[in-house]
Amino acid sequence: MPHAVSLLRAARLARSAKPFLARGGFKRERCAGCRLVPSHCMCALRPSVPTRAGVCLLMADIEPLKPTNTGWLIADVVADTFAFGWARTETDPALLALLADPQWQPYVVFPGQYAAPERVVRTVPSSFEPLHSVPAKRPLFILLDGTWGEARKMFSRSPYLDALPVLSLEPEQISQYKLRRSGRGDHFCTSEVAALCMSLAGEHFAEQTLEAYLAVFTHHYLRAKNQQPVVWDGDAHQRLREVLRQGQAGATAPAAP
């Protein structure tokens, strides 16, 4: 089944007057399921992790077309991933309906210094409201997927986001993303941001899966770009297998009395 980013990519391609050619990428046939050349396909490795939290990707115009886009990896892993193209003058009604859905508590994930202090939060409530012991709303993390300039434009020119809390992340590590250049170590790729959000939400299996899956994708992409074979028993693949094995073991373990 195609996921939200795949569907958004197909819709964007249908509107294109000419084929999209990624700068610096390889110009060979690509797998429709993972955007890699068939010899380096990783569709068989695609994990799916049940989560209480969801992700809403608000994507700049050509972002779904880029083979290095990591929002695609989030949609592979997190079943409740939604994706919408951003435009300054029009808004998808389905996006507005999602933000108004009472099961979700949306958070705009963005640095706190760009928002009014009263909007900024740095934590996510647990599954139950502490005073009433009733189920809390499910967190929905809104990720602005594009270049830093595009993300700032989306944040400042989307009135439907103005009333939502802004989740400001404070990661202790630097980005490990290797497929696009950035002059700053505090700029994270989209799937790294999603992993940080999952950690705040207590979704540690999803967090670790996203981290390991990004490393596998990076390995496959760079090996394909350099016309080298995949190292199937290398560190990245072993780490992903270990994370999935531990997560599955935890899911089947009996609950504590």
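The following conversation takes a predicted model and asks how its descriptions follow from their definitions.

User: What should I know about the model before I start?

Analyst: Residues are numbered from 1 along each chain as its sequence is written, and side-chain values use heavy atoms, with hydrogens and water left out. Because the model is predicted, local features need pLDDT of at least 70 and side-chain atom pairs count only at pLDDT 80 or more, whereas totals for chains, interfaces and linings use all residues.

User: Why is histidine 3 called buried?

Analyst: A residue is buried under 20% relative accessible area, exposed over 50% and partly exposed in between, using a 1.4 Å probe and protein chains only. Histidine 3 has a relative accessible area of 14%, so it is called buried. Histidine 3 lies in the segment before helix 1 (4–15), where helices (H or I, at least four residues) and strands (E, at least two) are DSSP runs numbered from the N terminus. Leaving aside residues up to four places away in sequence, histidine 3 touches Trp72, Ala75 and Asp76, a contact being heavy atoms within 4.5 Å.

User: How do you know that strand 1 pairs with strand 2?

Analyst: Two strands pair if DSSP finds at least two bridges between them. Five bridges join strand 1 (residues 54–59) to strand 2, and the two run parallel; valine 55, for example, has threonine 81 as its bridge partner, while leucine 58 stands opposite phenylalanine 84. Strand 1 is also joined to strand 5, by six parallel bridges, and there leucine 57 has leucine 143 as its bridge partner.

User: Which strands are the edge strands of the sheet?

Analyst: The open sheet has six strands in the order 2-1-5-3-6-4, with parallel pairing. Its edge strands are strand 2 (81–85) and strand 4 (120–121), each of which pairs on one side only.

User: Why is strand 1 described as largely enclosed?

Analyst: Six of the six residues of strand 1 are buried, so the rest of the structure largely encloses it. In a regular strand the side chains alternate between the two faces of the sheet. In strand 1, Gly54, Cys56 and Leu58 point one way and Val55, Leu57 and Met59 the other, and all are buried.

User: What makes the buried residues of helix 3 line one face?

Analyst: The buried residues of helix 3 are Leu95, Leu98 and Leu99. Seen down the helix axis, they fall within an arc of 95 degrees, so they line one face of helix 3; the arc is that of the directions from the helix axis to the C-beta atoms. Strand 1, strand 2, strand 3 and strand 5 are among what covers these buried residues, while on the other side of helix 3 Pro93 and Ala100 are exposed.

User: What caps the N-terminal end of helix 3?

Analyst: Aspartate 92 does, with a side-chain oxygen 2.9 Å from the backbone nitrogen of alanine 94.

Definitions and conventions
Polar contact = N/O pair within 3.5 Å; in protein donor to acceptor, adjacent residues only side chain to side chain.
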